[in-house]
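Here is a short report on one structure. It covers a cavity, a sheet and a helix.

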Amino acid sequence: MTWSDVQRIGYIERSTLPSGNRRIRVVFPNPWEEGKRLKIAKRPTPNGVWVSFDENSAQEALAHVRNALLAGLTLEAAVKPYLDRTLDSDTVEARARVWLDDFGDLVKAEDRSPGTLREYKRYAEKYFGWWSGKSIYNITRRDVKSWHKWLAKSFPSIGANTRSKISDAFRSMLREHARDEDGRISVPNFPVIKVPPSVRSTMDLDDRAEAIAAIPWEQRGVWLLAASECVRLGEIRAHTLDDFEAPNRLRLQASIQGSGKNQRRVERNKNDTAEWRELWDDETIAWLAWRMEQATPESRLRGEVALFWHPQARNTAKMWSYDPQNRAWQRACEAAGVHYVAFQESTRHTTLSALSKTLPERMLQAHSRHKDKRSLDHYTLATPGKEALVIAMKDHLRKSESDTE
């Protein structure tokens, strides 16, 4: 469409009402009813109030629509900002369904987790209802604040952390639609839902060593790798025999998505990182060497390809599942007589917290494979120990005494 084409689309209609007031309307062909005209009499202000056109604002609206047409938009899309009624297709609930459908396509392509899709569907069904009937084009920060208050009042059983996740999901939906429409949908600055800081549990290193030693040798590999290399359980479960190269190289790339019959291996992990890592822990290396000896041609033909296997597992690959793994860890802690700490906290969190006391931040981040340092901060509890404080204070006192001499 050329400029000469768009110049013929739309005009300004001026009339005088019986009251004597002047009325100005911008008129276009009606894109929803062929052969009829669409007469627009008002425009939205930045604070969401609709006001009648004056001569200048009518000229600006006509130019805005024509420029949008010249840029390739349909007439329907070009006039939407000037409609004080909401089309069914532009309601928040309709756009949420589109967003979920698009996300479902990403899950099918193995680019997103089915677990995340389930959560998003639950959020949309249960917590997006406040937005019912509202246009996705007119969402303000004040609207979001009112919604946040409604969430807290209507669902007192959910905590601030869950409300924050629900809000983040809604904002992600808005941003995705804003990208689809090249920014014509405005995403307001969302108020922050303050989440009380949580103290993550860690495990005494000696206690952890005793608990791991209480696990039968043939099952121990999961805990050895998680404790030494800070690998998540979803990634450990995804490792196959082909992901290991003797004597000590392990490929960190894949993960298991979903659960039960819907679980699958995907060639990506939570942080979208991939590397061949040289393992450093002697016991982990020794366990992997032993595991490879068990991988006979017959067992491979049976499909027993899980690298960190659970020999008693019912699945073909002999891969650990979450519940059996958790029960095994509880039994190990009980057998060792130590306090039970959940798997992720007793392995990944505990190791990162210990390493954060000595490793430079950049090296710690490379080991944990966090893309964002702020995410790493949640997993580290680096505080100076008593010995370090005593040494530092003695050095400070000696320095002060020498300065006064």
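## Cavity, sheet and helix

The largest cavity holds about 40 Å³ of space. The model is predicted. The count comes to one cavity of 30 Å³ or more. Its lining is made up of E235, A238, H239, D243, R251, Q253, A254 and R265. By type, four of these lining residues are charged, two are polar and two are nonpolar.

Next, the sheet. Three strands make an open sheet, ordered β6-β7-β10, with antiparallel pairing. At the edges lie β6 and β10, and each of them pairs on one side only. Strand β7 is joined to β10 by four bridges, and the two run antiparallel. In this pairing, R249 stands opposite E278 of β10. Strands of a sheet pair through backbone hydrogen bonds.

| β6 | 244–245 |
| β10 | 275–278 |

Now helix α13, residues 322–336. Its 15 residues should span 21 Å at 1.5 Å a residue, and the end C-alpha atoms are 21 Å apart, so the two values agree. Which residues of α13 are buried? They are Q325, A328, W329, A332 and C333. An α-helix has 3.6 residues a turn, so residues three or four places apart point the same way. The face of α13 turned away from the buried side carries D323, R331, E334 and A335, which are exposed.

Notes
Residues are numbered from 1 along each chain as its sequence is written. This is a predicted model: local features need pLDDT of at least 70, side-chain atom pairs count only at pLDDT 80 or more; totals for chains, interfaces and linings use all residues. Side-chain values use heavy atoms; hydrogens and water are left out. Two strands pair if DSSP finds at least two bridges between them. On a 1 Å grid over the protein atoms alone, a cavity is a set of points where a 1.4 Å probe fits but cannot get out, and a pocket is an open set with protein on both sides within 12 Å along at least five of seven lines; lining residues have an atom within 4 Å of a point. Grid points are joined across faces, edges and corners, and a volume is the space filled by probe spheres set on the points. Ala, Val, Leu, Ile, Met, Phe, Trp, Tyr, Cys and Pro count as nonpolar, Asp, Glu, Lys and Arg as charged, and the others, Gly among them, as polar. The expected span of a helix is 1.5 Å times one less than its number of residues. Buried means under 20% relative accessible area, exposed over 50%, partly exposed in between (1.4 Å probe, protein chains only).
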